[in-house]
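This report describes selected features of one protein model. The account begins with aromatic packing and then turns to other local features.

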Amino acid sequence: MKRATILTGLAAFMALGLPHHGMADDHEAPGPLTEVWYIVPKQGMEAQFEGAVKEHHKFRVDSGETQEWSIYVPVIGHNMAIYQFRSCCHTFADLDTYQAEAMEKGLGAHWNENVHQYVDHYHRYLERNDWEHSHMPEDGGPYKYYGVTSRVWKQGAGPGPNEARKQFSKIAKEEGWADDDHQWLWLSRIGGKPIMMLVSPMENFADMAPSDPSFYDFLSEKLGSEAAADALFEEFDSGFESSDYTVWTEREDLTAADDD
């Protein structure tokens, strides 16, 4: 259906980077980095893992930790037994500060003593938020779900696909697509495979339906022809070898304040 489905996120145009700290276009951008842990519990120990995570979070709060964390799980995707721990929005210098704080307060030791026994494996990454070419509400918005399209860069892709990505956002922002109904965040992963991500926030499952008009139709109108839109999409798509789409939701119960 032409290029309308090239990116689910471009059809709905959307922080796991799932950040709680968004940005308005006319405000100073927050720190560019999100610290991300993907953690898979041992099979059959999910309940014990969640219980230990809640206790560990309470320990971190009681210790006065300054780094804030959110936890997400997938609701649509091919790997449902995974938890994503995210902390946004930092500089590289912030990470040194947090590491020293964690050592001083014994945060890692507490995790190892109480949670690690239920963990099968971990992955740790940094993600760079491209605030300049994103459009997200300053307060994070009323969103419950986050659709994340992850694309693996081809080796030697060159600058063209990334420039096409920036052009998508430039046209969207300057020509009226960027509004309350069209929010998006671009992220690039640091560590592991080189991955570009597009995050699209949604209030409910109904928001997952394709936009009408589609971004493809909008772009065709602004560029003057479908051929011009096709060329820009093809330039962008030429930079990637594969893609994956996952919808995440926040597990606020795992980081809820203790009522006692």
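## Aromatic packing

Phenylalanine 168 has a relative accessible area of 0% and is therefore buried. The model to which this value belongs is a predicted one. Phenylalanine 236, with a relative accessible area of 1%, is likewise buried.

In total, 19 aromatic pairs are counted in the model.

## Arginine over aromatic rings

Arginine 189 is placed over the face of tyrosine 125, and here the distance from the ring centre is 3.9 Å.

Helix α6 spans residues 215–223, and its buried residues are Phe215, Tyr216, Phe218, Leu219 and Ser220.

Proline 213 is found in the loop between β7 (195–202) and α6. The peptide bond that leads from aspartate 212 to proline 213 is cis, its omega being near 5°. Just after α6, glycine 224 adopts a positive phi of about 100°.

## The largest pocket

The largest pocket has a volume of about 670 Å³. Its lining comprises 27 residues, and those nearest the pocket centre are Trp37, Arg60, Trp69, Ala102 and Gly108. Two or more lining residues come from each of the elements β1 (33–41), α2 (46–63), α3 (92–105), α4 (107–114) and β4 (119–129).

Which element gives the most to the lining of the largest pocket? Helix α3 does, with 6 residues. Divided by class, the lining of this pocket has 14 nonpolar, 8 polar and 5 charged residues.

## A buried glutamate and a cis bond between cysteines

Glutamate 127 is located in strand β4, one of the elements that give two or more residues to the lining of the largest pocket. Is glutamate 127 buried or exposed? Its relative accessibility is 0%, so glutamate 127 counts as buried. The side chain of glutamate 127 makes a polar contact of 2.7 Å with the side chain of arginine 86.

A cis peptide bond is present between cysteine 88 and cysteine 89, where omega is about 10°. Cysteine 89 is part of strand β3, which covers residues 83–90.

## An exposed loop lysine

Lysine 193 occupies the loop between β6 (185–190) and β7. Its relative accessibility is 55%, and lysine 193 therefore counts as exposed. Lysine 193 and arginine 151 are separated by 42 residues in sequence, while their C-alpha atoms are 9.8 Å apart in space.

Methods
Residues are numbered from 1 along each chain as its sequence is written. This is a predicted model: local features need pLDDT of at least 70, side-chain atom pairs count only at pLDDT 80 or more; totals for chains, interfaces and linings use all residues. Side-chain values use heavy atoms; hydrogens and water are left out. Rings of Phe, Tyr and Trp (its six-membered ring) pair if their centres lie within 6.5 Å; planes under 30 degrees apart count as stacked, over 60 as edge-to-face and the rest as tilted. Buried means under 20% relative accessible area, exposed over 50%, partly exposed in between (1.4 Å probe, protein chains only). A charge sits over a ring if NZ of Lys or CZ of Arg is within 6 Å of the ring centre and within 35 degrees of the ring normal. On a 1 Å grid over the protein atoms alone, a cavity is a set of points where a 1.4 Å probe fits but cannot get out, and a pocket is an open set with protein on both sides within 12 Å along at least five of seven lines; lining residues have an atom within 4 Å of a point. Grid points are joined across faces, edges and corners, and a volume is the space filled by probe spheres set on the points. Helices (H or I, at least four residues) and strands (E, at least two) are DSSP runs, numbered from the N terminus. Ala, Val, Leu, Ile, Met, Phe, Trp, Tyr, Cys and Pro count as nonpolar, Asp, Glu, Lys and Arg as charged, and the others, Gly among them, as polar. A polar contact is a pair of N or O atoms within 3.5 Å; within protein, one must be able to donate a hydrogen and the other to accept it, and residues adjacent in sequence count only if both atoms are side-chain atoms.
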